[in-house]
Structure formats: C-alpha cells, structure tokens
Amino acid sequence: MSVTLILQNILNGLSIGSVYAIFALGYTLIFSILGIINFAHAAIFTLGAYFTYFLMGGSTGFNGVLANAQLPIALPFWLAILVSGVLAGLVGVAIERLAFRPLRRQGADPLLTVVSSLGVAFVIVNLIQYLVGAENYTFPAGLYGSLPAAINLGTAANPIPIRTVQIVIFLVSVVILTVLTYLINGTKYGKAMRAVAEDPTTSSLLGIDPDRFIVLTFFVSSFLAGVAGTLVGSSVSIAGPYFGISFGLKGLAVIVLGGLGSIPGAVIGGLAIGVVEAFVPGEYSAYKDAVSFGILFLTLLIRPQGLLGRKVIQKV
C-alpha cells in the first residue's frame, strides 16, 4: 500500500469517524445523566437528515401521504443544517417529556425506560415512512456552492484527492466537538450538568433543578444526532427511514469502546472505528461492520470498561 493511499485512507477515516464521534456523544450525554441508552437517538439521526433535505427545497417522492410535496422555502445548506439541528433538539425534548419523565417520576425500572425509547424510535421511523415513503432521497447538486467535487491535498506529482463533502464533514464535526467541549467544561451549564450526572439528589439540594438540565441535555443530544444525520445524508444520500439504524448500532459500539459515559472516550472511539473501517479493502467493504465490532469485542476482553471508562466499584 502506497503512502498516498495510506494518507487518503486516514483522512477518509477521520471524516466518517468524526461523525461517529458526534453521534455517539449524544448517547454519552444521556447515559451520563440518566444511566440509560436512548434508542430513539438513531431515529432522530434519520429525522435530522430529512429536515435538512426538505428545508433546502427538496420534494417528496411518489409514495406517502405527502407525495410530491415541497416547502415554499429553500434555505442554503449551512442554515438548513442549523435549523434541522434545532428541530431535532425540540423533538428530543418532546421525547423526554413523553417517554422518559413520566417513568422517571414513578421510579420505574431503567429497563422500562429503554423499552419506551425503543418504542418511540419505531413510532418515528414508521411515521416518516407513512408521510414521505421509503424511497431514497439525494441532496441537490452544488450543495457547497462553487467548491469543487474533490480537493487535492497532495502535490501534482503525488495527488491525494479527497471528496469535498468529506472535508466539510470533518471541519463541521471539529467545530461541533470544540463548542461542545467548551460548553461542558467552561460554562455553568456544563458544570451543573456534571453535578446532576454525579448526584441528582445532592445537586437539587444545592439549588440545581435536575429536570431542567435533563431537558437541556436531551436537546443538545438530539441536536448532535440531527446534525450527524445531515452530514451522513449529504455524503451518501438518505437511504430510507431506516438508514439511521446501522449508525445507531455503530454509535453504541463507539461509546462502549470509548467507555460508557466518557466524552473523550466517545471521540477517540469514533475516530478509531472510522480509521479502521477506512483501511478495509474495497472488495471486503461489506464486512466493515464485522471488523469494527470484532475490534470492540477484543478490546472489551482486555479492558471491559472501555478505553477511557472507569471501573465500577460495587459496594456490598
């Protein structure tokens, strides 16, 4: 394998890995607060891609209740992705109010909350299919304006062509990760969120409203899912209402590999899986998931708590 191909694979891997990271961070934020996995996260990922597609002036297909429908506006990509992220965040808030909070206030078993989130995911996916059908949707050409389809990051003698969409995905992901890191580590919201994650009862005694910060966490988590869905959809198209399912499973692999509840672990795990997948030869591309989950399995045999996870000490 040539040096050029190695560099190209690394760049491609960092691009898709950064999307894995921001998607998995949504899982991590909810888990760090409530100690559960929100299975509706993958459905919000899908919803975010659809939101952006329609906000950019895309029309529905021939199937579904809203066949051949189109919004009267056509926003530029950069504005559409922000608006779709906010809409996805609001959907996340609604899910928290309807599927999580009632069970939490009744002191229900966490497993019931997981099942509830899984039910919400199926409702969202089937609602999408009912409204706009199950066909593929492709983002319009010229998504990034006058930018070329590919950019050469090498030299004329040793070119390293990278698709523009992959560079955009990586740069957007870096910006989001930077803002999120500042939000969690450098703001009052982040400190309060970490306090609620550590001990909700004590934090409430100190004047922090746990329910308020749980809602904010759901908004941020769902915003990340919506943006991640848009980034993936702009690269490979929206492959029907269920296209977020495989990314949902990959997101679970990322947070387990990085360590449950660890934000740096989610970033490292996402980038690691992305780079590993990029080095799978093209003729074996159908086995990328097997390679990723195989590495996850081997890692957990050696370090069950994940790369940056902490050992849980059980008191007796």
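Which helix is T217 found in? Select T217 and you will land in helix α8. Keep in mind as you go that this is a predicted model.

**Stop one: T217.** Show its surroundings. T217 counts as buried because its relative accessibility is 1%, under the 20% cut-off. Now display the residues in contact with T217, leaving aside neighbours within four places in sequence: they are L29, I30, I33, Y189 and M193.

**Stop two: α1 against α5.** L29 also takes part in the contact of α1 with α5, so select both helices next, α1 (3-34) and α5 (164-186). Their axes lie 8 Å apart, at an angle of about 35°, and the crossing is left-handed. On the α1 side, pick out N12, L14, S15, S18, V19, I22, L25 and L29. Facing them from α5 are Q166, I169, F170, S173, I176, L177, L180 and I184. Colour this contact by class and you will find eleven nonpolar residues, five polar ones and no charged ones.

**Stop three: the second largest pocket.** Stay with α1, which gives six residues to the lining of this pocket, the largest share. Besides α1, the elements giving two or more residues to the lining are α5, α8 (210-236), α9 (244-258), α10 (263-278) and α11 (288-302). Colour by class once again: the lining has eleven nonpolar, nine polar and five charged residues.

Technical notes: Residues are numbered from 1 along each chain as its sequence is written. This is a predicted model: local features need pLDDT of at least 70, side-chain atom pairs count only at pLDDT 80 or more; totals for chains, interfaces and linings use all residues. Side-chain values use heavy atoms; hydrogens and water are left out. Helices (H or I, at least four residues) and strands (E, at least two) are DSSP runs, numbered from the N terminus. Ala, Val, Leu, Ile, Met, Phe, Trp, Tyr, Cys and Pro count as nonpolar, Asp, Glu, Lys and Arg as charged, and the others, Gly among them, as polar. Axes are lines fitted to C-alpha atoms, for helices over the stretch in contact, and angles run from 0 to 180 degrees between N-to-C directions. A crossing is left-handed if the near helix is turned anticlockwise from the far one by less than a right angle, and right-handed if clockwise. Contact means heavy atoms within 4.5 Å. Buried means under 20% relative accessible area, exposed over 50%, partly exposed in between (1.4 Å probe, protein chains only).
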